[in-house]
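Let's walk through this structure together, one side chain at a time. Have the viewer ready and follow along.

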Amino acid sequence: MSTPYGSPSAPLLRGHLGGLRLLFLPRHGPDHAIAPHRINYRANLWALREAGVREVVAVSTVGGIAPGMAAGSLVLPDQIIDYTWGRESSFFDGINAPLQHVDFTRPFSAALGLRLRKAAATAGVALLEGGIYGATQGPRLETAAEIRRMAHDGADLVGMTGMPEAVLARELGLEYAMLAAVVNPAAGCGDNQDGISMERIREVSAQVMRDVVSLLAMMGADDGG
Ligand code: HPA
């Protein structure tokens, strides 16, 4: 599928999960080869909307900064701090469309968040509610000092893809919420004083994604798709 902004990261996969009708788009591409700062976020969000999507559940792996956000947890963040730079971050950039300033006080959809919380409760999946997601540039992980600064700013979680994805969804009028899977303590946190194991990230990620699938499968149970 092509869009005025180029091609999305992958073809959209249409299917069912439990009673939920969904389209799946792996933002890093089918082989996980697209780095966070090179993802064509505008094409991805545009393609989803063109395909009829109204609600976007962003499944994102993150590092845990706050002590309560241990590896293996699943979190529904409610705020964002954007540390990314140089990414195409608006449809309303005065070039492709007239300049517009959108309200972003509450970056995530409360209605979609509520549905995710209900589905988690029914599915018996523990979902931590609330948290500040800090979006970093990547693809490298952060230094311990950068994480200390982020903690000082109030960030609870760190990931590389939440922005500009969330604001582009807002600009298109899509309901957008994030399921943040904590796959490691952030740099310098917990037992990651001296480094972060990619192998361990992969193991924890596989484990938390099972919870994500159970939760999403339950989401279709109450809404007829
Ligand atoms: N930092 C940034 N992004 C991440 C991390 C992290 O520690 N873990 C998973 N995605």
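We begin with a charged pair: R202 and E199 form a salt bridge whose closest N and O atoms are 3.5 Å apart. The term salt bridge here stands for a side-chain nitrogen of Lys or Arg within 4 Å of a carboxyl oxygen of Asp or Glu. Both residues belong to helix α5 (residues 198–219), where they are three residues apart, about one turn of the helix. Helices (H or I, at least four residues) and strands (E, at least two) are DSSP runs, numbered from the N terminus. R202 is exposed, with a relative accessible area of 54%, while E199 counts as partly exposed at 46%. For these words, buried means under 20% relative accessible area, exposed over 50%, and partly exposed in between (1.4 Å probe, protein chains only).

A word on the model itself: it is predicted, local features need pLDDT of at least 70, side-chain atom pairs count only at pLDDT 80 or more, and totals for chains, interfaces and linings use all residues. Residues are numbered from 1 along each chain as its sequence is written, and side-chain values use heavy atoms, with hydrogens and water left out.

The whole structure holds eight salt bridges. In one of them, E165 meets R27, with the closest N and O atoms 2.7 Å apart. E165 lies in helix α4 (residues 162–171) and R27 in the loop between β2 (20–24) and α1, so this pair ties together parts that are 138 residues apart in sequence. Both E165 and R27 are buried.

Now turn to the rings. A search of the whole structure finds four aromatic pairs. Rings of Phe, Tyr and Trp (its six-membered ring) pair if their centres lie within 6.5 Å; planes under 30 degrees apart count as stacked, over 60 as edge-to-face and the rest as tilted. Y5 and F91 have ring centres 5.1 Å apart and planes at 70°, so they are edge-to-face. Y5 sits in the segment before β1 (13–17) and F91 in the loop between β5 (79–82) and α2 (110–123), so the pair ties together parts 86 residues apart in sequence. F91 also pairs with W46: the centres are 5.7 Å apart and the planes at 50°, so this pair is tilted.

Finally, look at L48 in helix α1 (residues 41–50). L48 is buried, with a relative accessible area of 10%.
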